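Open your viewer and get ready to click. This tour tells you what to select and what you will find there.

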Amino acid sequence: MSAVTAEHDHDEHHDHGPEKGFLRWIVTTNHKDIGTLYLFFALAMFFVGGTMALIIRAELFEPGMQFVTPQFFNSMTTMHALVMVFGAVMPAFVGFANWLIPMMIGAPDMALPRMNNMSFWMLVAGVMMLASTLFMEGGAPASGWTLYPPLVLQTGAALPFAIFSVHLLGISSIMGAINIIATIFNMRAPKMTLMKMPLFVWTWLITAFLLIAIMPVFAGAVTMLLTDRFFDTSFFDAAGGGDPVLYQHIFWFFGHPEVYVMILPTFGIASTIIPVFARKALFGYSSMVYATAAIAFLSFIVWAHHMFTVGMPLSGELYFMYATMLIAIPTGVKIFNWTATMWRGSMTFETPMLFSIAFVVLFTLGGFTGLMMALAPIDFQYHDTYFIVAHFHYTLVPASVFILMAGGYFWLPKWTGNMYDERLGQLHFWLSAVSVNILFFPQHFLGLAGMPRRIPDYAVQFSDWNMVSSIGAFIFGFSQLMFVYIVVKTIKGGTGEKVTDEVWEGAAQHSLEWTLPSPVPYHTFATPPENIPTEHY
Amino acid sequence: MKTKQLFAGLVLTALSLGTAQADYTLNLMEGVTSISRDIYGLHMLVLWVCVFIGIGVFGAMFYSIYFHRKSRGYKAANFHESAKVEIIWTIIPTVILVLLAIPATRVMIEMDDVSESEMTIKVTGWQWKWEYEYLGTGVHFFSSLDEASNKARQLNSGIDPRTVPNYLLEVDKPLVVPINTKIRFLFTAADVIHSWWVPDLGWKKDTIPGFINEAWTSVDTAGTYRGQCTELCGKDHGFMPIVVIAMEKPDYEKWVVEQQGLAVVKADAATKEWSSEDLIAQGEKVYANNCASCHMPDGSGLAGTFPAITASAVVTGDLNAQVDLMLNGKGMMPAFGQMLDPADFAAVSTFIRNGLGNSVGDAIQPSEVKALQAAIPEIVYDDDDE
């Protein structure tokens with residue numbers, strides 16, 4: 001309770017609560033408020049992107065074109081990906097970072113609170129600008145989220161807006177990343193050495209460096225598209241001495257680390273939750289840190305495995321195949337470590353733990369298909385089929401999204417002081433876990449049987465599994481409304497049962513935020529904590 | 001019907017791997033070339049490796065989930081690191097990866113070796129059709145989605161795709177190849193990037209405007225093999241299938257001679273005088289196959305993206321300006337100068353001026369188009385090895 005006492009000792013005129021009224025949410029510089037804004041925005045975008053996915057799955061329910069034109073279908077696949085990546089998953093993890101990093105390292109707030117506010121509102125502006133393209137002449141971008149030229153240059157009025165929104169999103173991400181790095185390096189409690197930081201903090205530190213390295217690359221690539229289209233340059237036009245494949249190299253130099261931006265914080269949250277419910281310290285803490293760093297490093301040198309079929313020389317194919325296979329090693333270490341953490345623990349299975357276990361199992365499946373497509377010769381079959389779609393959705397939906405849900409259930413009681421409805425939470429979990437497999441598992445079969453991705457209609461032999469997949473999609477999509485209901489209910493008082501400061505048995509031995517009162521006060525750790533949990537070192 | 005399918009879908013889901021209802025497959029096809037079989041072998045090898053690792057990892061995890069739970073009164077142990085096991089589970093995967101990399105490298109090297117090919121076919125991707133050119137034989141044609149599929153795939157066409165044979169996997173003119181012959185393919189594109197994939201051949205290759213890619217195959221069983229474009233190339237990306245017919249060498253030779261004969265007939269058609277009625281009748285077919293997907297079957301276009309033909313200032317204006325636009329293209333409008341032969345070009349040009357609600361009243365003869373086409377500089381591709 002030292003934090004609370006410290007707050008009472010605090011300078012009177014500085015120790016105030018949140019601004020009154022609606023303005024609080026516009027001008028706030030409080031890391032908890034901004035975290036909440038990020039999380040709600042991400043949740044809203046999760047439903048926007050999800051609606052687009054359901055439009056896609058509705059059209060693919062049966063062969064033949066029933067609901068949308070092919071052009072609009074392509075806009076949907078493009079916008080679904082962009083909204084989910086830049087509007088939902090990334091902001092959700094930034095939300096968790098905002099809420100948790102200061103509390104986990106014993107800091108009063110983020111290092112740069114005003115910039116924190118700015119990066120959130122710039123994100124909103126960027127996503128809104130992107131969404132506005134849906135209503136423009138010629139429709140939203142329809143070239144896939146990779147925005148490959150020359151196709152993307154055929155976009156109508158939407159092209160410059162899409163490009164500028166990428167710029168805004170990039171600036172927002174970079175500011176967020178700088179803030180996280182500045183906070184972690186400068187604001188840790190005295191005893192919080194780097195190798196005593198919770199894994200979530202570690203994974204975000206590494207992710208922040210990835211973001212700073214890659215977002216300018218993407219911004220550069222789309223700026224070259226802009227000048228190719230409007231200022232007569234020929235970066236990607238062979239007729240003017242350029243090369244369309246050059247864009248792909250630049251894009252994937254950004255794009256591959258980008259997918260790790262979405263998965264490394266996932267690893268961090270999983271590594272935080274599993275030990276709590278196993279009642280046992282995380283197995284191999286330092287190897288987890290090194291594995292994360294190794295994955296981040298490898299992510300920069302494997303990009304062309306997205307491009308095995310563009311006609312690279314043999315030596316290029318072999319190099320990118322070998323480098324990609326190496327990723328399996330640190331990733332394997334992580335999965336083995338989580339398993340060893342559970343091994344001989346004393347486990348209970350509350351909703352956060354259920355989502356985390358499902359993550360470990362289903363992410364491993366996504367990892368297996370990843371290993372398969374790392375082998376360049378077989379990728380000549382898998383590439384750009386539904387097998388790929390199944391692979392990356394397994395690494396994003398039952399992985400990143402499940403862990404975001406797990407994190408929500410795990411920390412919501414701490415944040416609100418109220419317990420969520422465990423029975424509903426478990427129902428939400430089982431509905432999600434079953435339907436996500438009905439949704440994505442058949443897509444492996446479709447891809448292997450020869451169905452290309454990004455097609456609005458298909459040959460009739462693909463009908464059955466598409467129908468199954470669509471049914472799974474609708475169950476999964478509507479199940480997520482339960483999450484909204486549970487969250488709102490918890491904020492409004494939950495089950496009525498007041499939670500303890502620790503919330504989960506023994507959690508205070510794992511991380512600092514559980515030593516604070518529940519609900520957490522508006523300002524915490526005005527003075528750094530004396531002692532830090534020592535479960536891991 | 002729909003509820004029945006829905007029910008079937010649910011049953012399949014419930015059984016997870018239900019009995020086969022239709023002729024869908026669950027696994028990669030073995031294909032009809034030595035490379036495709038090597039790839040299939042690699043695929044099965046790595047699949048089994050994953051299955052065994054999965055059994056190990058998930059087995060341990062579920063054992064632990066079952067036995068090491070608090071509700072069974074299990075007391076948590078206190079270990080949290082072991083350099084020994086960390087080293088073990090770093091080294092074992094490394095060894096497995098090396099063992100996988102060896103055969104993968106061998107197959108990759110073999111796929112890359114296009115030397116000693118007996119013939120070469122140049123494939124050009126267009127929005128949204130394929131162009132095939134048998135180098136050195138004069139055989140050259142375009143291949144696009146067949147009419148039956150094309151009708152059925154229109155929004156709310158009312159045609160059940162299940163009644164269309166080989167729905168979306170049939171073309172008007174298939175690629176014909178001889179079996180047991182090492183064929184080199186050269187790939188390029190005219191507009192955006194496409195990708196040429198026939199699963200039975202074992203690979204796909206991107207076709208990139210301004211660049212030449214190459215790949216090879218040697219089919220060992222006669223038959224018909226179907227595939228599709230696999231790189232998103234615009235709105236009709238899902239509607240540019242590939243059909244390869246592999247036949248015995250003598251049959252193939254006969255086919256080539258036939259095609260050469262057809263080329264002569266076409267050349268004749270370009271020189272003879274056509275009546276307006278013949279041009280319009282032929283032009284209607286050409287329009288359906290080449291223009292209707294963007295400008296719509298009734299010529300109404302798509303506001304904001306594809307201009308209408310009906311009452312278009314260009315179509316009803318100066319004949320030369322209209323022909324020029326069709327020859328050279330503009331923005332998203334492809335250059336049809338190289339895509340249509342003179343007779344088809346003249347026919348469709350005459351058709352749009354006198355059909356779809358327009359009635360300009362003039363016509364253009366194939367011979368005039370031929371002269372205009374001759375003036376377009378042909379793109380010369382360097383067909384050397386890199």
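What follows is a walk along the meeting place of two chains in a predicted model.

**Stop 1: the whole interface.** Colour chain A and chain B separately. In contact here are 102 residues of chain B and 105 residues of chain A. Together the two chains bury about 9000 Å² between them. Carbon and sulfur atoms account for 69% of that area.

**Stop 2: a pair of helices.** Select residues 351-374 of chain A, which form helix α12. Angles over 145 degrees count as roughly antiparallel, so that is how α12(A) runs relative to α2(B). The crossing is right-handed.

Now show the side chains where these helices meet. On α12(A), pick out A:I357, A:V360 and A:F368, among others. On α2(B), the contacting residues include B:H43, B:L47, B:G54 and B:F62. Sorted by class, this contact of α12(A) with α2(B) has 15 nonpolar residues, three polar ones and no charged ones.

**Stop 3: charged pairs.** Side chains of opposite charge can pair when their charged atoms come close. How many salt bridges cross the interface of chain B and chain A? There are two. Over all chains, the structure holds 18.

Select A:E505 and B:K70. Their closest N and O atoms are 2.6 Å apart, in a salt bridge.

Finish with A:E62 and B:R162, another salt bridge, with closest N and O atoms 3.7 Å apart. A:E62 sits in the loop between α3 and α4 of chain A, and B:R162 in the loop between α4 and β4 of chain B, so this pair joins two chains.

Methods:
Residues are numbered from 1 along each chain as its sequence is written. Chains are lettered from A and ligands numbered from 1 in the order in which they are written. This is a predicted model: local features need pLDDT of at least 70, side-chain atom pairs count only at pLDDT 80 or more; totals for chains, interfaces and linings use all residues. Side-chain values use heavy atoms; hydrogens and water are left out. Axes are lines fitted to C-alpha atoms, for helices over the stretch in contact, and angles run from 0 to 180 degrees between N-to-C directions. Helices (H or I, at least four residues) and strands (E, at least two) are DSSP runs, numbered from the N terminus. Angles under 35 degrees count as roughly parallel, over 145 as roughly antiparallel, 65 to 115 as roughly perpendicular and the rest as oblique. A crossing is left-handed if the near helix is turned anticlockwise from the far one by less than a right angle, and right-handed if clockwise. Contact means heavy atoms within 4.5 Å. Ala, Val, Leu, Ile, Met, Phe, Trp, Tyr, Cys and Pro count as nonpolar, Asp, Glu, Lys and Arg as charged, and the others, Gly among them, as polar. Buried area is the accessible area (1.4 Å probe) that two parts lose on being put together, summed over both. A salt bridge is a side-chain nitrogen of Lys or Arg within 4 Å of a carboxyl oxygen of Asp or Glu.
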